[in-house]
Amino acid sequence: AAFFKYLYDRMDYSVVGQNDVVGVVVVEFDIDAFGQVSKPELTFPLFPALDEQALRIVNEMPRWNPATKNGRPVDCRYRLILYYF
């Protein structure tokens with residue numbers, strides 16, 4: 001729930017209204033075993049202003065609770081899909 005609140009609080013939907021853009025932006029990034037976010041990349045861009053916003057949101061993310069495997073923290077790749085309607 002906290003993750004979706006983080007996204008909601010940082011999304012600027014006025015960009016959509018100003019440009020009549022509808023669709024999705026997909027950003028993939030790494031989360032290391034310490035919860036640090038790195039290497040964000042657009043894998044499905046939509047519109048420059050929305051693409052920039054998606055990258056900004058990912059770059060500003062605080063540390064996560066890392067993924068675990070057999071009870072130990074591990075690095076993982078995450079895919080974030082942002083919907084603009």
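Q: Which residues does Met61 touch, leaving out those up to four places away in sequence?
A: This is a predicted model. In it, Met61 touches Phe3, Tyr6, Leu7, Phe29, Val37 and Leu80.

Q: And how many residues are in the largest nonpolar core?
A: That core has 20 residues. Met61 is among those with the most contacts inside it, along with Leu7, Phe29 and Leu80.

Q: Which elements give two or more residues to this core?
A: Three helices do: H1 (2-10), H2 (14-19) and H3 (48-59). Two strands do as well, S1 (23-31) and S5 (76-84).

Q: Back up a bit. What pattern does the chain follow along the sequence?
A: It reads α-α-β-β-α-β-β-β. That is three helices and five strands.

Q: What share of the contacts join residues at least 24 apart?
A: Counting contacts between residues at least 6 apart in sequence, 69% join residues at least 24 apart.

Q: How much of the chain is buried?
A: Buried residues make up 32% of the 85 residues.

Q: What box do the C-alpha atoms fill?
A: Roughly 45 × 25 × 15 Å, taken along the principal axes.

Q: Last topic, charges. How many positive and negative side chains are there?
A: There are 9 positive and 11 negative side chains.

Q: And how far apart are the centres of the two sets?
A: The two centres lie 10 Å apart.

Conventions:
Residues numbered from 1 in each chain as written. Predicted model: local features only at pLDDT ≥ 70, side-chain atom pairs only at ≥ 80, totals over all residues. Heavy atoms only, no water. Core = buried A, V, L, I, M, F, W, Y, C linked by side-chain atoms within 4.5 Å. Buried < 20%, exposed > 50% of the residue type's maximum accessible area, 1.4 Å probe, protein only. Helix = DSSP H or I, 4+ residues; strand = E, 2+ residues; numbered from the N terminus. Contact = heavy atoms within 4.5 Å. Lys, Arg positive; Asp, Glu negative; His and termini not counted. Charge placed at Lys NZ, Arg CZ, Asp CG, Glu CD.
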